[in-house]
Amino acid sequence: MNDDIAAGKWKQLVGKAKAAWGELTDDELTQADGRAERLTGLIQERYGKTREEAEREVRRFFDANRD
């Protein structure tokens, strides 16, 4: 998945990510730093989703927030 978001853009999107995945903390979102793999793992762990489900959610989020 080539959906990593540049750090500057990610800082702008943290609010949207927080709205999408409210159980993730600000610190967790900051640590994810726009990296799809990290965000997928956090969602999988926090929400008890399968890897595939979490990947789909992250892909949809990144696709919806492209330039």
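How many helices and strands are there in the protein? There are 4 helices and 0 strands. This is a predicted model, in which local features need pLDDT of at least 70, side-chain atom pairs count only at pLDDT 80 or more, and totals for chains, interfaces and linings use all residues. Residues are numbered from 1 along each chain as its sequence is written, and side-chain values use heavy atoms, with hydrogens and water left out.

View 1. Helices (H or I, at least four residues) and strands (E, at least two) are DSSP runs, numbered from the N terminus. Along the principal axes, the C-alpha atoms fill a box of roughly 30 × 25 × 15 Å. Of the 67 residues, 34% count as buried. Buried means under 20% relative accessible area, exposed over 50%, and partly exposed in between (1.4 Å probe, protein chains only). Among contacts (heavy atoms within 4.5 Å) with a separation of 6 or more, 48% join residues 24 or more positions apart.

**View 2. Tryptophan 10 and phenylalanine 61 form an edge-to-face pair.** Rings of Phe, Tyr and Trp (its six-membered ring) pair if their centres lie within 6.5 Å; planes under 30 degrees apart count as stacked, over 60 as edge-to-face and the rest as tilted. By this rule the protein has 4 aromatic pairs. In the pair shown, the ring centres of tryptophan 10 and phenylalanine 61 are 6.5 Å apart and the planes are at 80°. Tryptophan 10 lies in helix H1 (residues 7–20) and phenylalanine 61 in helix H4 (residues 51–64), so the pair ties together parts that are 51 residues apart in sequence. Tryptophan 10 is buried, at 2% relative accessible area. Phenylalanine 61 is buried too, at 8%.

**View 3. Phenylalanine 61 also pairs with phenylalanine 62.** This aromatic pair is tilted, with 5.9 Å centre to centre and 50° between the planes. Phenylalanine 62 is buried, with a relative accessible area of 2%. One aromatic cluster takes in Trp10, Trp21, Phe61 and Phe62.

**View 4. Isoleucine 5 sits in the segment before H1.** Its relative accessibility is 14%, which counts as buried. Leaving aside residues up to four places away in sequence, isoleucine 5 touches Trp10, Leu13, Asp33, Gly34 and Phe62. Two of these partners, Trp10 and Phe62, belong to the aromatic cluster. Isoleucine 5 and alanine 36 are 31 residues apart in sequence, yet 8.1 Å apart in space, C-alpha to C-alpha.

**View 5. Glutamate 57 is a buried residue in helix H4.** Its relative accessibility is 16%. Glutamate 57 touches Trp21, Ile43 and Lys49, not counting residues up to four places away in sequence. Of these partners, Trp21 is part of the aromatic cluster.
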